[in-house]
Structures are given as C-alpha cells and as structure tokens.
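Open the model in your viewer and get ready to pick residues by number. Each stop gives you something to select, then tells you what is there.

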Amino acid sequence: MSRPYIARVEGEKLHRRTFDVLVLGGGIAGLTAAISAARRWRVGLLTKAGFDDTTTFLAQGGIAAALGESDSPELHFEDTVQAGAGLCDENAVRVLVNEGPGRVRELMEICPHFDRVDGEIVLGREGAHSVARVVHAGGDATGSEVSSALAEAAKVGSRVQLYENEFVIDLLTLDGRCVGALSMSLDDGQLTLNVAMVTILATGGAGQVYGRTTNPAVATGDGIAMAYRAGAAIRGLEFVQFHPTGLAVEGQETVLLVTEALRGEGAYLRNKAGERFMERYDPRAELAARDVVVRGMVAEMRREKSESVCLDATHLDPGMLARRFPTVSAGVALHGLALARDLIPVAPVCHYFIGGVVTDVWGRTSVPGLYASGEVSSTGVHGANRLASNSLLEGLVFSERVVRDLDRYIGSLGEDVRRLRFALPQGDAEPRDGVDAAAARSALTTTMLRRAGVLRDEAGLRAAIVELRRLTSDLAFPRMGVAEYEALNLLTLGTQIAKSALLREESRGVHLREDFPERDDANWRRHITLRLPATQREELSTTGRREAST
Ligand SMILES: Cc1cc2nc3c(=O)[nH]c(=O)nc-3n(C[C@H](O)[C@H](O)[C@H](O)COP(=O)(O)OP(=O)(O)OC[C@H]3O[C@@H](n4cnc5c(N)ncnc54)[C@H](O)[C@@H]3O)c2cc1C
C-alpha cells in the first residue's frame with residue numbers, strides 16, 4: 001500500500017478530458033467551488049454518486065453564522081476556539097467567522113427556503129454556542145434543501161460540466177504538482193484521465209471506516225487516502241467526532257442522527273433509571289460541547305451496563321416537534337417511535353472527520369495545484385472538537401477562498417499541463433487471492449469500533465494496527481473495482497487513525513484515551529501530521545514533447 005497509484009491500468013484505452021479546474025465531489029464544498037469557478041474558468045465536476053447522495057444532503061441542524069443582533073463574529077470565534085480544545089488555528093477561525101455571514105447571505109439567494117418567521121430569519125441554538133446562531137431550512141432538512149438548490153444552480157445556471165457516477169481513483173502528479181485525476185465510470189467501467197491546471201478536492205469524510213455511522217455510503221475517505229498517496233500532508237486523523245445522539249436501534253444502514261437542535265429546543269438526556277445526568281458532568285448539561293456529552297453518556301452507559309441512554313422530548317410541544325423536526329420525526333417513526341410520546345434510545349455514533357488534508361486559509365494543500373475544501377480538509381477551524389453546524393459553513397467559506405486564489409496559481413504555471421501526454425505508472429495491485437473486499441471491510445469496522453472508537457488505549461490501538469496491516473496485505477484483488485479501491489482507502493484511513501491515536505498520549509477534544517485521561521498541554525498542544533516519504537511517491541512521466549504555455 002505504499003505506492004501512490006492504486007489504479008491498475010493494463011492496456012485499457014484511456015479517455016481524456018481537459019479542464020482549467022477539476023472539482024472532485026458534489027457536496028456543499030464541491031458545488032460551491034464549481035459554481036463560483038465556472039464564472040471564469042472551464043470547470044468539470046466529478047462525483048461518484050448523485051447529488052442527493054452526499055453527507056451535505058443529510059445535514060439537519062443548519063449553518064452557524066453570526067447573523068443575529070445579539071451575536072458577533074467575535075462571539076462565534078470564542079465559542080469555536082473554546083470547543084476546539086486548544087488546537088484551533090485561530091487565523092482560520094477568524095476567516096470562518098468573519099466571512100461566514102456574507103457567504104450564508106449569498107447562499108440564501110441560491111437557496112430561498114431558509115426558515116423565517118414574519119420575514120425574519122429564524123436562528124436555532126445548538127450545543128456550546130453561547131447564542132442562537134444556526135440558520136436552517138425546511139425545519140431539520142437543511143442539507144437536502146441546500147444540496148438541491150446548489151445542484152440545480154450548477155445544472156441550470158452555470159457552465160460546470162457535471163459527471164455523476166464517476167469514481168475518482170487517483171490524483172495525477174507531475175513534477176511535484178497535481179495535474180488532475182484518474183476516474184472510472186460506474187456506468188461502463190471506462191477509465192478517464194481528467195487533466196486540469198487545478199484540482200479541488202471536496203470528497204467529504206470517512207464515516208464508513210466505523211460502519212456504524214450517520215454518514216452515507218459514499219463517505220469512504222477516498223479523497224484523504226488519494227491525497228496522502230500523492231504526497232499531501234494529512235493531520236488530525238485521531239480526531240473523529242462521535243455524535244452523542246445516533247438512534248440506537250437495530251436494522252439501520254445509515255444510523256439516523258437525532259439532531260442536537262432537539263436538545264437546543266429543550267430535550268433532555270436520561271439514563272435507563274430515568275434520571276437526567278448531564279448536569280453532573282457539565283453546568284451546561286445537555287448543551288455542553290459534543291465531546292463532553294459523549295463522555296457523560298459513555299460513563300452512564302458503563303455504570304448501567306447498557307448500550308444506550310434516552311433522549312426525552314415528551315415535555316415539548318408536539319406541534320413544534322412535528323414542524324421543526326420533520327426528518328427526525330419520520331426517521332424514528334420507521335421504528336415505531338414518536339418524539340412527543342416515547343423516550344428515544346440514543347448512543348454515540350461516528351459522525352464527522354475533523355482531520356484531513358492540511359490546507360492553509362486559501363485551501364492550498366502541500367501539493368501545488370491541489371486544493372481541498374469541506375470535510376476532506378483540515379483547515380484548522382475545528383481544533384480537536386468541531387462546534388456544531390460549523391462544517392457546512394467551512395465548506396462555503398473556504399471553497400470561495402479557493403476560487404479567489406485560482407488566478408494567482410494558474411498565473412504562476414510555466415506550461416499548459418492540459419496539453420501534455422502522460423504515461424501512467426503501473427499500480428502495484430497484482431491479482432491475488434485472499435480476503436475479499438466485503439470481508440475486509442467488515443473486519444475493519446469491527447476492529448475500529450472495538451479498538452479505536454470512542455474510548456481508546458495503547459493495547460487496543462496496537463492490536464488494531466496489527467489487524468489492519470494484516471487485512472491490507474491479505475486483501476484479494478481478483479479484479480480492481482470500486483469495492484476494492486474503497487476497501488484499500490478505508491484500510492489506509494483506519495491505519496492512520498489508529499497510528500495517530502496511539503501517538504497522542506493524552507485526552508483532548510473528541511480523542512479519549514483511557515490510559516491518558518488528562519489533557520496534556522505541555523506535550524500535546526500540537527498536531528500530528530503524516531506524509532508519505534518522498535522515496536515512496538511516484539509520479540507521472542510525460543510522453544512526447546513538453547510545450548511551453550501559450
Ligand atoms: C446526518 C448528518 C447531519 C449533519 N448535520 C450538519 C449540520 O446540521 N450542520 C453542519 O454544519 N454539518 C452537519 N453535518 C456535517 C456536514 O453535513 C458535512 O461535514 C458536510 O456536508 C461535508 O460536505 P462536503 O462537501 O465536504 O462533503 P459531502 O457532502 O460528503 O460530499 C462529498 C462528495 O464527494 C464525492 N466523492 C467521495 N469520494 C469520491 C470519489 N472517490 N470519486 C468521486 N466522488 C467522490 C461524494 O460522492 C460526494 O458528492 C452533518 C453530517 C451528517 C452525517
């Protein structure tokens with residue numbers, strides 16, 4: 001797994017497309033970047049599924065921005081940095097909170113369905129926000145409203161060339177910079193070299209590493225893994241945010257998120273004995289930061305030897321619950337539950353990847369020509385614990401900044417890479433027997449949940465690394481298809497999560513070590529950054545004459 005190209009290309013005829021700007025991913029980060037870049041550049045956007053099959057589409061609570069009269073970017077900054085547990089990049093947070101309100105107002109022009117009362121935008125309250133500042137659409141259907149509006153704007157109102165069902169396998173690098181990506185059509189298996197002056201990675205997170213997740217099936221961490229193979233620095237992989245309130249019932253493919261906004265409206269957490277317990281762990285009780293709530297829940301679950309606690313909204317107005325939370329109401333109803341009537345069983349569930357591909361405040365990664373935005377990136381705004389509803393905002397703000405930086409980067413290019421002809425290096429994945437991709441994924445998710453989940457320790461993490469290495473070397477390649485590529489990417493991510501979690505000998509934010517329960521600022525107020533050694537990186541070579549830029 002040390003080779004940068006996992007694609008196996010054996011004599012197939014490669015198609016070729018050329019763009020000024022290539023965007024990978026069709027969630028809020030990818031669509032925002034593509035729509036904005038297409039005002040000036042020739043843009044192609046590839047996504048491995050449809051536009052309604054993204055994490056963005058599932059978002060419920062909303063988007064945080066200092067829009068209210070009692071709010072300010074300074075207050076939003078303080079809340080974000082406080083939640084981030086000492087690891088936020090304060091420059092990046094300033095960019096987020098200062099530029100956020102403007103970006104959200106622009107989004108409201110594309111997506112007119114944000115909730116209002118008497119013409120005034122409604123602001124919701126969520127955990128660890130000191131004031132109500134979360135705008136939402138369709139009650140708790142913010143993600144689907146925003147995704148649909150952005151996808152429509154890309155399809156109808158922009159010149160972006162859109163390719164759905166196009167799986168990106170590898171990034172292409174030449175002379176140390178990124179010049180596009182190799183993709184495979186999921187309709188007919190056709191491989192295509194997508195050559196571009198700039199590539200924007202917006203492939204989202206990796207919740208599928210844990211199997212039990214609120215993330216959709218597409219969240220397999222492909223972007224982080226391919227950027228790592230291409231030589232980009234990645235960091236913070238030990239910071240996996242487990243959301244406190246995933247619906248804890250059997251038989252869900254994607255775990256239903258019981259949104260934090262319910263606690264914002266006054267819902268309680270109760271243990272199996274029926275007691276509210278969060279007050280014992282934090283004065284903010286149910287509205288403490290997510291990591292604090294998760295710790296409280298896990299302590300109660302252990303004490304009671306139970307698999308879940310309960311969310312109690314039965315004292316709240318049934319009309320408000322139905323109006324404000326249609327998605328959660330419909331989701332729990334599938335399991336015979338009603339918010340206004342029943343205690344809802346909930347347990348922590350893998351939800352969000354704080355770590356990712358390192359970027360600066362312009363979305364630039366450590367590989368020239370490769371930008372990253374959205375959940376795939378590590379801009380530094382979340383520190384060691386993401387504040388609720390800051391991630392949609394991060395995608396909006398940093399995608400727009402990426403586009404503002406394109407002129408500068410493209411102007412600095414010495415040649416027109418779009419004209420070059422490339423020879424792909426051979427991948428190292430020779431056909432072989434072994435554990436098939438489905439079995440490897442199942443073993444991976446079991447290992448990750450058991451050994452590198454909410455609570456971690458040295459023995460478990462060491463065992464996880466050994467098991468994941470074994471799975472990686474035993475993975476069978478009867479042929480290379482999406483299942484095999486995704487399994488390789490997930491194993492890469494799992495291994496890097498376990499390695500980073502083992503290195504960080506403290507508990508901070510969402511990273512909880514039972515053998516190092518305290519936060520250790522003296523030794524660990526710093527990031528763990530991983531980068532493939534230069535000797536293991538491999539690049540494209542050009543075939544034919546290189547031409548100067550015209
Ligand atoms: C249930 C749920 C509720 C949430 N609620 C909120 C909320 O209220 N507020 C908030 O701020 N955040 C929320 N989040 C988090 C937030 O939704 C995500 O962090 C955000 O939407 C990520 O956007 P993105 O554009 O980076 O990625 P995504 O929306 O995940 O999009 C990734 C895109 O990349 C594509 N892709 C991935 N791999 C490949 C590949 N190999 N080839 C081609 N394409 C690929 C996917 O198909 C997809 O189009 C929630 C998350 C979940 C799961």
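Select Gln208 and Asn215. The side chain of Gln208 reaches the backbone oxygen of Asn215 at 3.3 Å. Such a polar contact is a pair of N or O atoms within 3.5 Å; within protein, one must be able to donate a hydrogen and the other to accept it, and residues adjacent in sequence count only if both atoms are side-chain atoms. Gln208 sits in the loop between β11 (191-201) and α6 (222-229). Helices (H or I, at least four residues) and strands (E, at least two) are DSSP runs, numbered from the N terminus.

This is a predicted model, in which local features need pLDDT of at least 70, side-chain atom pairs count only at pLDDT 80 or more, and totals for chains, interfaces and linings use all residues. Residues are numbered from 1 along each chain as its sequence is written, and side-chain values use heavy atoms, with hydrogens and water left out.

Is Gln208 buried or exposed? Gln208 is buried, at a relative accessible area of 10%. Buried means under 20% relative accessible area, exposed over 50%, and partly exposed in between (1.4 Å probe, protein chains only). Now show what Gln208 touches, not counting residues up to four places away in sequence: among them are Thr213, Pro216, Arg441, Thr445 and Leu490. Contact here means heavy atoms within 4.5 Å.

**Next: α12 and its partners**

Arg441 leads you to helix α12, and Leu490 to α14. Select α12 (residues 437-451) and α14 (residues 482-503). Their axes come within 9 Å and cross at roughly 20°. Axes are lines fitted to C-alpha atoms, for helices over the stretch in contact, and angles run from 0 to 180 degrees between N-to-C directions. The two helices are therefore roughly parallel to each other. Angles under 35 degrees count as roughly parallel, over 145 as roughly antiparallel, 65 to 115 as roughly perpendicular and the rest as oblique.

Show side chains. Ala437, Arg441, Leu444 and Met448 in α12 meet α14 residues including Ala483, Leu490, Gly494 and Ile497. Ala, Val, Leu, Ile, Met, Phe, Trp, Tyr, Cys and Pro count as nonpolar, Asp, Glu, Lys and Arg as charged, and the others, Gly among them, as polar.

**Next: α4 against α11**

Select helix α4 (residues 90-110) and α11. They pack at an angle of about 95°, with their axes 8 Å apart. That makes α4 and α11 roughly perpendicular to each other. Look for Val95, Leu96 and Leu107 among the α4 residues, and Leu393, Val397 and Phe398 among those of α11. The contact divides into 9 nonpolar, 1 polar and 6 charged residues.

**Next: two positive phi angles**

Select Ser389, in the loop between β19 (377-378) and α11 (391-412). Ser389 has a positive phi of about 70° although it is not a glycine. Ser389 is buried, with a relative accessible area of 7%.

Jump to Asp118, in the loop between β4 (116-117) and β5 (120-121). Asp118 also is not a glycine, and its phi is positive, about 50°. Asp118 is exposed, at 78% relative accessible area.

**Next: Arg324**

Arg324 lies in helix α9 (residues 318-324). Draw a line from its side chain to the backbone oxygen of Gly139: the distance is 3.3 Å. At 11% relative accessibility, Arg324 counts as buried. His136, Asp140, Ala261 and Glu265 are among the residues Arg324 touches.

Ala227 is in helix α6 and is buried at 0%. Find Val358: it is 131 residues from Ala227 along the chain, yet their C-alpha atoms are separated by 9.9 Å. Ala227 contacts include Leu201 and Val357.

Ala372, in strand β18 (residues 370-372), is buried at 0% relative accessibility. Leu201 and Val357 are among the contacts of Ala372 too.
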